[in-house]
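Okay, thanks for coming, everyone. Let me put the model up and then walk you through what I found.

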There are 2 protein chains.
Amino acid sequence: MSKGSETFDRLVRSGVSIGSAVGISRVTMGDLATEAGLSKSGLFAHFGSKAELQIALFAFAKSLARHTVADPAFTAPIGLRRLRALIDNWFGWARQAELPGGCPFASAAFEFDDVEGPVRDSVVSAHHEWVGLLEALTRDAVSTGELRFDLDVEQFVWELHGIYLSHHVSDRLLRDPRAENRRRVAVDRLVGDATTVTIKQIEGNA
Amino acid sequence: MSKGSETFDRLVRSGVSIGSAVGISRVTMGDLATEAGLSKSGLFAHFGSKAELQIALFAFAKSLARHTVADPAFTAPIGLRRLRALIDNWFGWARQAELPGGCPFASAAFEFDDVEGPVRDSVVSAHHEWVGLLEALTRDAVSTGELRFDLDVEQFVWELHGIYLSHHVSDRLLRDPRAENRRRVAVDRLVGDATTVTIKQIEGNA
């Protein structure tokens with residue numbers, strides 16, 4: 001690793017850490033220069049603009065998430081166990097990755113929704129990539145016959161995302177000690193509905 | 001209405017409107033002074049500090065939500081119909097109230113989670129107040145026998161909140177035209193589970 005890339009790595013690490021608390025959109029070149037003991041012009045050697053900096057921070061956060069959430073899930077056997085491992089690693093991954101302010105992608109979804117430009121585009125694309133992985137592992141669990149064959153996989157993941165966001169709010173804003181239990185009950189209900197045939201459906205088919 | 005309170009009203013209206021897009025935490029005294037054609041010191045006659053301004057903006061947003069979401073729901077008969085009216089009015093209320101950037105409370109939950117102080121406190125208290133209303137109307141629908149007697153009302157509302165946040169992200173960040181349909185399916189499933197006995201439960205009781 002060259003000295004330049006070491007500095008780059010240190011910069012994005014501390015940028016993501018700051019951004020997890022105050023929001024990535026608030027991480028300025030000036031703050032980061034101070035934090036890293038560099039001049040602001042020294043920082044421009046690494047990032048050409050504020051947008052470039054923010055995109056680099058999201059790219060780094062994505063690599064953190066890959067190591068903390070996705071990679072370890074792939075040691076579980078394909079199907080429902082791998083999907084559940086992915087979900088379990090997802091909730092609270094930011095704490096695991098030592099980001100003091102929680103998941104930067106959850107906040108970014110609300111921070112950048114009205115801000116046109118390349119940073120917003122990178123947030124949208126990270127969202128699609130993550131949802132794509134959740135959908136792929138959900139489809140695997142349909143293939144193994146553990147989730148029902150007629151499951152609306154996109155709807156399933158959409159609702160899972162809602163549970164994640166509600167957990168984020170109750171954990172971080174409300175500091176509710178029941179957050180962990182609430183999300184477990186909600187995920188179990190969602191997965192339960194994806195496996196169980198309800199009376200209503202039987203009546204409908206009769 | 002005195003001239004002072006008219007000005008106050010105009011200031012908070014435009015502050016909430018700006019804040020709905022960029023986040024209430026980013027509405028500065030300077031921006032609002034420019035917008036209203038006042039001097040910054042003129043603005044201090046209305047708000048003593050930035051925190052006071054932000055708290056006033058949330059108070060105004062709350063009164064907007066009351067008129068758009070809560071009040072009209074109370075014309076529906078008590079029970080499940082009133083609860084469903086409240087939920088229907090809730091989704092997309094910010095558009096109804098002509099806030100260009102969506103629900104300021106949804107964003108605030110992620111903006112203020114790591115910012116200690118009186119503004120955070122007012123966001124938490126607005127959240128509890130809103131959840132309290134949802135829980136009260138849910139309990140009414142249990143009382144009328146429309147939702148099942150053993151429903152975990154707090155969990156039900158917690159999951160409903162997740163559907164709201166997922167809808168916010170798919171509507172505003174992803175601009176997905178299916179957002180409306182997704183939230184309808186999710187709410188129907190949640191309400192369905194709160195009324196239907198599943199086979200699993202019957203087996204458990206057998």
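Let's start with aromatics, so here is the rule: rings of Phe, Tyr and Trp (its six-membered ring) pair if their centres lie within 6.5 Å, and planes under 30 degrees apart are called stacked, over 60 edge-to-face, and the rest tilted. By that rule, A:Trp90, A:Phe91, A:Trp130 and A:Tyr164 make up one aromatic cluster.

Before I go on, the housekeeping. This is a predicted model, where local features need pLDDT of at least 70 and side-chain atom pairs count only at pLDDT 80 or more, while totals for chains, interfaces and linings use all residues. Residues are numbered from 1 along each chain as its sequence is written, chains are lettered from A and ligands numbered from 1 in the order in which they are written, and side-chain values use heavy atoms, with hydrogens and water left out.

Back to the rings. The count over all chains is 15 aromatic pairs. One of them is A:Phe58 with A:Phe112, edge-to-face, 5.8 Å centre to centre with 75 degrees between the planes. That pair links distant parts of the chain, 54 residues apart: A:Phe58 sits in helix 4 (residues 50-73) of chain A, and A:Phe112 in the loop between helix 7 (104-111) and helix 8 (118-143) of chain A. Helices here are DSSP runs of H or I, at least four residues, numbered from the N terminus. Both A:Phe58 and A:Phe112 are buried, and buried means under 20% relative accessible area, with exposed over 50% and partly exposed in between (1.4 Å probe, protein chains only).

Over in chain B, B:Trp90 and B:Phe91 form a tilted pair, 5.5 Å centre to centre and 55 degrees between the planes. B:Trp90 is buried at 4% relative accessibility, and B:Phe91 is buried at 7%.

Now, which residues have the most contacts inside the largest nonpolar core? They are A:Trp93 and B:Trp93, and that core has 138 residues. By nonpolar core I mean a set of buried Ala, Val, Leu, Ile, Met, Phe, Trp, Tyr and Cys residues joined through side-chain atoms within 4.5 Å. Leaving aside neighbours within four places in sequence, B:Trp93 is in contact (heavy atoms within 4.5 Å) with residues including B:Leu64, B:Val69, B:Cys103 and B:Tyr164.

For A:Cys103, the nearest cysteine sulfur is that of B:Cys103, 20 Å away. A:Cys103 is buried, with a relative accessible area of 4%, and B:Cys103 is buried at 5%.

A rotation of 180 degrees with 0.0 Å of shift along its axis puts chain B on chain A, RMSD 0.0 Å, superposing by least squares on the C-alpha atoms of residues with pLDDT of at least 70 in both. That is a two-fold axis. In chain B, B:Gly162 comes closest to the axis, at 2.0 Å (C-alpha).

As for the interface, 55 residues of chain B contact 55 residues of chain A. And 100% of the interface residues of chain B are also interface residues in chain A, so the copies meet through the same surface. About 4,600 Å² is buried between them, with carbon and sulfur atoms giving 54%; buried area is the accessible area (1.4 Å probe) that two parts lose on being put together, summed over both. On the chain B side, B:Phe110, B:Trp158 and B:Leu173 lose the most area to chain A, together 18% of what that side buries.

Key
Disulfide = S-S within 2.5 Å. Helix = DSSP H or I, 4+ residues; strand = E, 2+ residues; numbered from the N terminus.
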